[in-house]
Amino acid sequence: MTPSLQEMMRVFGRIGLLSFGGPAAQISLMHQELVEKRPWLDEQTYLRALSLCMLLPGPEAMQLATYAGWRLRGVTGGLIAGGLFVLPGAFVIAALVGLYATFGNLPVVQAGFLGVKATVIVIVLQALRNLSRKALTDKQHRAIAALAFVAIFALNLPFPLIILIAAIWGFMVFDGAPAATETPAPPNPMGLLKTTAIWGVLWLGPLLALTLSGQKLLSDLGWFFARLAVVTFGGAYAVLAYMTQTVVTKYQWVTTDQMIDALGLAETTPGPLILVTQFVAMLTGQLEGGASLAVAAGAVALWATFVPCFLWIFLAAPYLDQLAARPRLSAALHGITASVVGVILNLSVWFSLNVLFHNAPVNSWGPVSIPVPDLGSLNLTAFMLTGLAGLLIFKFKFGMAATLGIMAGLGTALHFL
């Protein structure tokens, strides 16, 4: 069945507005809308597309929506589906940045954000638990996860290097089962070259123009988020540690607390969590030059982050049947996924130290650098809020949005008490 463009806009607009709760919830929502309710995609095509999107850098749920649109109505359908998945959350993020820049430093607002931060700790732990159950299926994958955690937590190795090593390890060691079917003929290489040229220029041309025009902040933001788009394997959680290393330590665009606030607010919006890049960029622009620079910075971040997603899908989608018949690529992906578990564990520790303790100095022994919290600086309020958030999510099965709202309210109430 080939839907009309109007019907696609209605359905994918609905998906974009309701896509709360991270990629797991978003993938489930799309399955319900595109496979169960409508005969737009069959089960096997949907699952193969999901596997492809997990292999690519970038937010897998947004790319899955883009693939579905491409499968239904070509490039136009892909643009509609991918765009409508991102735009609702982008507008919400823009509004939140304005409110945060205006009221974020008020004590009562900071108290509310403490509840949000406490909930984020639990949300990341939940993501770690769910992913580890699927990814760490044997001793070798558990070893990859452990080594990835040590590499980023203690040795401060860059995230792209870690996933590259994990992919090579997976490709070389974890051999897959033989293909059940013959490998289909590859697509026309000239068409792929044309796609690469068009979308490559669309993606990087504006960034080059910013550089040549002397817009240093905007070009720095654009090139950083363009690099980030290439290495964002495993979703936003996995790449946040690498992102934080750069925006907090290297460029000093935002503080660690602002970075945690950005993630907490991004959790409350529909769309991919990687919209946190837009929040960071807009807050940086707001602090540097006011509202107009914030809008420009947000547009640059969105462009640099999401235009390559269309490039990856429009290049890879014609190869989907071929990828399904090549088991070693699946093995490489499994290696990457295992390393992502270790990176998310690092993120969980990083969040916990920064939220629960006022002071966590870094101790160094040669190439090893480990943050060691001062136990006397424990924030008892944050500790209690984190415990309560854990009860709401793990024991009472509260949803993410409801828990964030409750904990923000409790943080505010504790401020007045």
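**Salt bridges and a helix pair in a predicted model**

Me: What makes the contact between E33 and R14 a salt bridge?
Reply: The closest N and O atoms of E33 and R14 are 2.7 Å apart. A salt bridge is a side-chain nitrogen of Lys or Arg within 4 Å of a carboxyl oxygen of Asp or Glu, so the pair qualifies. This is a predicted model, in which local features need pLDDT of at least 70, side-chain atom pairs count only at pLDDT 80 or more, and totals for chains, interfaces and linings use all residues. Residues are numbered from 1 along each chain as its sequence is written, and side-chain values use heavy atoms, with hydrogens and water left out.

Me: Why is E33 called buried, and R14 partly exposed?
Reply: Buried means under 20% relative accessible area, exposed over 50%, and partly exposed in between (1.4 Å probe, protein chains only). E33 has 0% and is therefore buried, whereas R14 has 38% and so counts as partly exposed.

Me: Which residues are joined with E33 into one network?
Reply: E33 also forms salt bridges with K37 (3.5 Å, N to O) and with R38 (2.6 Å between the closest N and O atoms). Through shared partners, R14, E33, K37 and R38 form one network.

Me: Why are α5 and α15 called roughly antiparallel?
Reply: The axes of α5 (residues 107–135) and α15 (residues 327–356) cross at roughly 160 degrees. Angles under 35 degrees count as roughly parallel, over 145 as roughly antiparallel, 65 to 115 as roughly perpendicular and the rest as oblique; the two helices are therefore roughly antiparallel.

Conventions:
Axes are lines fitted to C-alpha atoms, for helices over the stretch in contact, and angles run from 0 to 180 degrees between N-to-C directions. Helices (H or I, at least four residues) and strands (E, at least two) are DSSP runs, numbered from the N terminus.
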